[in-house]
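Here's a quick tour of a protein model, written for someone who likes to know the cut-offs behind the words. Have a look at the structure first, and then we'll go through the details.

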Amino acid sequence: MRRYPEVEVEVEVEMDVDDDEFAKLIRRMNPPRVVIDNDSCGDATVIRVDSVNKHGILLEVVQVLTDLDLVIRKAYISSDGSWFMDVFNVTDCDGNKLWDEEIISYIKKSLESEACLFPKLQNSVGIMPSTEDTLIEITGSDRPGLLSEICAVLATQMSHVVKAELWTHNNRVAAVLHVTHESTEGAIEDPQRLSTLKELLCNVLRGDHDPRMGTMTVSMGLTHTERRLHQMMFHDRDYERIEVKEAVGNKSRPQVTVMDCSEKDYTVVILRSKDRPKLLFDTICTLTDMQYVVFHGTASAGKEEAYQPVLILRVRLKEYYIRHVDGLPISSEGEQQHLIQCLEAAIERRASDGLELELRTEDGVGSLSEITRVFRENGLTIRRAEISTKGGKEVDTFHLSETSGNPVDAKTIDSICRQLGQTIVRVKQNPLLEAKPPEVVSTVSFFFGNLFRASFQSFRLIRSYS
C-alpha cells in the first residue's frame with residue numbers, strides 16, 4: 001500500500017508584514033473547508049475547497065492534488081473579494097474516482113491545515129533543511145552530455161546522487177540534486193569539500209559562448225522541488241525564445257492570448273495546449289510567482305485528434321481573470337507579451353515529446369554517471385530527468401532525443417540496452433512507435449508501453465457550487 005507523508009498541522013509560518021491581527025483572526029475563525037463528493041459526477045470525484053482568500057492559496061491546493069498524481073479534469077476557480085472557492089473534478093492516473101479512504105483523508109487533512117491557510121510564497125514545503133543529504137541547485141547553458149559530466153564530477157568527489165530532477169528549455173538547464181557523501185551516507189558538511197565541489201561544477205557549467213555563467217548553490221531545501229525548478233528557469237530567463245526553434249511546427253506549441261477586460265478591471269488570459277500531467281500546476285505556479293492573482297477561471301480537458309492516429313487530450317484554460325497583487329490589471333503591451341512568453345515557457349519545460357525511458361538498477365556510487373555516459377556515447381541528449389533511490393534500488397526516468405532534435409530510433413535503444421547490461425529498461429513513450437502495439441524488441445527486459453491511456457470520458461462542470 002502506498003504511504004503518504006504525514007501532514008504537519010502545527011507549523012511555524014511566516015506572516016506577511018501587511019497582515020494585521022484582525023486579518024489573521026478572520027482566517028483562523030474561517031479555516032479551509034473541504035468537501036469530497038463521489039456522487040455528483042458520474043466519472044470523477046468532485047473536491048470543493050472554501051476558505052478565506054490569501055495570495056498563494058490556490059497554488060497550495062493545486063500542489064496537494066498534483067503531488068498525489070491526481071488528474072484534474074475540470075476546475076472552477078473563484079476568489080474575488082475576501083473569499084476563496086474552488087471546485088475540482090479529479091481522477092487517479094487510470095481515470096477512476098477516488099475511493100481510497102487513506103487518500104481522501106490525506107487530501108482533507110492537507111487542505112485544512114494551517115500550512116494551506118497561511119501559504120508561504122517562497123517556502124511552500126518544509127520547515128527545516130534535511131540533514132540526510134545536501135541539496136544542490138544548478139543552472140546554466142544546456143549541451144549534450146552535460147548531466148554525464150556533472151555526474152562524473154560528483155562520482156570523483158565520492159558524492160552520490162540519491163534524488164534529482166532536471167529540466168531543460170531553450171538551451172537552458174536547471175537541476176535540483178540531493179547528494180550524500182559515500183563515507184558518511186549523509187549530508188556533505190565539510191565547507192572545504194563543498195567549496196571544491198562548487199568550483200568543479202561551475203567549471204563544467206561554464207558555457208563557451210554564453211554571457212550567462214552557470215551557477216551552483218547549496219540550498220536550504222525549503223521550496224517544493226518542481227516549483228523551485230520553475231523559479232530557477234524563470235530567473236535564468238529561459239522564456240527568451242531562440243529563433244532556431246521556430247522551425248518546429250506551431251501545432252505543438254501552447255497558445256496564450258492576453259486581453260484587457262477594462263469594464264471589470266481584469267486582464268483575461270486564454271490558454272490552449274496539449275494536455276499532460278501537472279499542466280494546471282505549472283500555469284498557476286508561474287502566475288503566482290509573477291505576483292499575479294487568479295480571481296476567476298475555468299479549466300477543462302477535451303479530446304482532439306493530433307498528428308498521429310492517436311487521441312491526445314488538449315486542455316483549454318478559459319477566462320483566467322487576473323490582476324497584480326496590488327489589485328491593478330496589466331497596463332502595457334510589453335507586460336502582456338512578457339506574461340505570454342513566461343506562460344509558454346512554463347508549459348514547455350515539462351513537455352514530453354521525445355523518447356521516455358525508465359531504468360531500474362542496483363543503487364551505487366557512479367551508477368548514474370555510467371548511465372548518462374552511455375546516453376552521451378550514443379548521441380543522445382537528456383531533455384528531462386528524474387532520479388530516485390529507494391530500498392537499495394535506483395529508479396530513473398529520462399526524456400531523450402538525438403542531439404539533432406530528432407526522435408530516437410529503435411537501433412539506438414537496443415544499443416543502449418546491450419551496453420547497460422543488467423539494468424532493466426522500459427520504454428514508456430516513443431513517438432516513432434506510438435501507433436504500434438506493445439512488443440518485445442530486446443532480450444534485456446525491454447518493454448514498449450502505450451503512449452497514452454484509453455480515451456477519457458467527458459463530464460459536466462459542476463456549476464452548482466458557483
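Predicted model: local features only at pLDDT ≥ 70, side-chain atom pairs only at ≥ 80, totals over all residues.

Residues are numbered from 1 along each chain as its sequence is written, and side-chain values use heavy atoms, with hydrogens and water left out.

**Cysteines**

With that in hand, Cys41 is buried at a relative accessible area of 2%, and Cys202 is buried too, at 17%. How many disulfides are there? Taking a disulfide as a pair of cysteine sulfur atoms within 2.5 Å, the count is zero.

**Salt bridges**

Side chains of opposite charge can pair when their charged atoms come close. The working rule here is a side-chain nitrogen of Lys or Arg within 4 Å of a carboxyl oxygen of Asp or Glu. By that rule the structure holds 19 salt bridges. Here are some of them:

| Pair | N to O distance |
|---|---|
| Glu137 and Arg228 | 3.0 Å |
| Arg172 and Asp236 | 2.7 Å |
| Asp414 and Arg418 | 2.7 Å |

Before placing these pairs, a word on the element labels: helices (H or I, at least four residues) and strands (E, at least two) are DSSP runs, numbered from the N terminus.

Glu137 is buried at 8% relative accessibility, while Arg228 is partly exposed at 22%.

The Arg172 and Asp236 pair has both partners buried. Arg172 belongs to strand S7 (residues 172-181) and Asp236 to the loop between H7 and strand S9 (255-261), so this link ties together parts 64 residues apart in sequence.

Asp414 and Arg418 make a local pair: they are four residues apart in helix H11 (residues 410-420), which separates them by about one helical turn. Asp414 is partly exposed at 22% relative accessibility, and Arg418 is exposed at 54%. Elsewhere, salt bridges with shared partners join Glu226, Arg276, Lys278, Asp282 and Arg350 into one network.

Which residues of helix H10 (residues 367-377) are buried? They are Ser367, Leu368, Ser369, Ile371, Thr372, Val374 and Phe375. With contact meaning heavy atoms within 4.5 Å, these buried residues pack against helix H5 (146-156), strand S6 (159-169), strand S13 (355-362), strand S14 (380-390), strand S15 (393-402) and H11. Just after H10, Gly379 takes a positive phi of about 75°.

His399 is found in strand S15 and is buried, with a relative accessible area of 6%. Setting aside neighbours within four places in sequence, His399 is in contact with Ser352, Leu355, Glu356, Thr381, Ile382, Arg383 and Arg384.

**A covered strand**

Strand S3 (residues 71-78) is mostly covered, with seven of its eight residues buried. Two strands pair if DSSP finds at least two bridges between them; S3 and strand S4 (residues 83-91) are joined by seven and run antiparallel. Ala75 stands opposite Phe88 in S4.

Definitions and conventions: Buried < 20%, exposed > 50% of the residue type's maximum accessible area, 1.4 Å probe, protein only.
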